[in-house]
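Here is a short tour of a protein chain, written to be read with the model open beside you.

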Amino acid sequence: MAESTISTVKKLIHESKYLVVISGSGMQRECGHKSLRDPERAYDIEAEYKYSPEEMFSSAFYNTRIEPFYQFYKKEVLSQDMQPGAAYKAIAQLEKQGIVKTIISREIYGMSQKAGCENVLELHGNIEVNHCPRCGKEYSKEYLLSAKKVPLCEDCMLPIRPGIRFYGEMIDNGIMTKVANEISKADVVLVLGARLDQDFCDHNLAYYTGDKVILLTNREDAGDAKADYAIHGSLNEIVPQLL
Ligand SMILES: [Zn+2]
């Protein structure tokens with residue numbers, strides 16, 4: 001695989017019949033977001049809460065220490081101001097043009113939808129969609145944030161379960177099936193800001209039978225060799241040029 005040109009990749013995208021996007025953590029990084037697992041951020045969080053983000057962002061911690069969990073979750077996750085940048089908006093435009101069919105994402109802030117995307121498969125859930133574990137009533141992010149301590153269902157008085165997947169939890173089977181279906185239908189897969197040798201891509205791409213995996217990322221990586229086409233650089237600069 002050699003470094004590709006924008007015009008080559010643009011042509012492939014516009015000639016595609018079924019293009020699926022895999023949107024990785026590099027997309028959020030370009031919007032200035034530091035993940036909980038970012039070493040610097042993880043250090044600060046552990047210093048403040050006495051537990052690592054991995055420990056707190058787990059079902060075990062949620063089930064046994066719900067008050068400190070919500071203290072952490074409200075401040076470090078729900079209160080983050082996450083706004084989509086130019087790359088997200090360009091993908092939304094490509095979807096409106098009928099070129100992008102599906103976006104597969106594992107971020108939890110609903111960034112693709114904020115940019116205007118519609119057909120998004122969220123592997124790790126969405127902070128905006130939360131449910132009561134007993135009656136299933138849905139609650140917004142704002143409702144969770146407005147609770148003084150632990151947010152409770154108005155009807156059942158039970159703690160509301162955040163609509164996201166904790167570290168180490170299984171991904172919903174229904175979503176995995178949809179992802180597999182979309183990838184197997186794709187003639188072109190556009191991977192944005194993700195490492196091809198990591199589970200997220202590796203597992204999804206196992207269903208792909210074509211020869212047009214396009215990788216756009218700002219970091220060179222050993223896994224890049226698995227791409228058929230690659231461009232390295234700022235996603236907010238490259239993706240809008242593909243319109
Ligand atoms: Zn309820």
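Which residue just after H7 takes a positive phi? Glycine 98 does, with a phi of about 85°.

## Before we start

This is a predicted model, where local features need pLDDT of at least 70 and side-chain atom pairs count only at pLDDT 80 or more, while totals for chains, interfaces and linings use all residues. Residues are numbered from 1 along each chain as its sequence is written.

## The whole chain

The chain has 12 helices and 8 strands; these are DSSP runs numbered from the N terminus, with helices (H or I) of at least four residues and strands (E) of at least two. Along its principal axes, the C-alpha trace spans about 55 × 35 × 30 Å. A compact globule of 243 residues would have a radius of gyration near 18 Å, and the chain's 19 Å agrees with that. The radius is taken over C-alpha atoms, and the globule rule is 2.2 Å times the number of residues to the power 0.38.

Buried residues make up 36% of the 243 residues. A residue is buried if 20 or more other C-beta atoms lie within 10 Å of its own, exposed if 12 or fewer, and partly exposed in between, with C-beta atoms placed from the backbone. Among contacts between residues at least 6 apart in sequence, 64% join residues at least 24 apart; a contact requires C-beta atoms, placed from the backbone, within 7 Å.

## The sheet

Six strands form an open, parallel sheet in the order S3-S2-S1-S6-S7-S8. Two strands count as paired if DSSP finds at least two bridges between them. At the edges are S3 (120–122) and S8 (229–232), each pairing on one side only. From one strand to the next, the twist averages 15°.

S1 (residues 19–23) and S2 (residues 100–105) run parallel and share 5 bridges. Valine 21 is bridged to isoleucine 103 of S2, and isoleucine 22 to isoleucine 104. On to S3: 3 bridges join S2 to this strand, and serine 105 has glutamate 122 as its partner there. S2 is mostly covered, with 5 of its 6 residues buried.

## Helices on the sheet

Helix H1 (residues 6–15) packs on the sheet, touching S1, S6 (188–192), S7 (213–217) and S8, and its direction makes about 130° with that of S8. H7 also packs on the sheet. It touches S1, S2 and S6, at about 145° to the direction of S2. Axes here are lines fitted to C-alpha atoms, for helices over the stretch in contact, and angles run from 0 to 180 degrees between N-to-C directions.

The buried residues of H7 include Tyr88, Ile91 and Glu95. Besides the three strands, the buried residues of H7 pack against helices H2 (25–29), H8 (111–115) and H12 (235–238).

## The nonpolar cores

A nonpolar core is a set of buried Ala, Val, Leu, Ile, Met, Phe, Trp, Tyr and Cys residues joined through C-beta atoms within 7 Å. The largest has 49 residues, and Val21, Ile91, Val189, Val191, Leu192 and Ile214 touch the most other members. Helix H7 (residues 86–96) gives the most to this core, with 6 residues. Apart from it lies another core, of 6 residues, including Met56 and Phe69.

Leaving aside neighbours within four places in sequence, valine 189 is in contact with Val20, Ile22, Ile183, Leu205, Tyr208 and Val213.

Conventions: Two residues are in contact if their C-beta atoms, placed from the backbone, lie within 7 Å.
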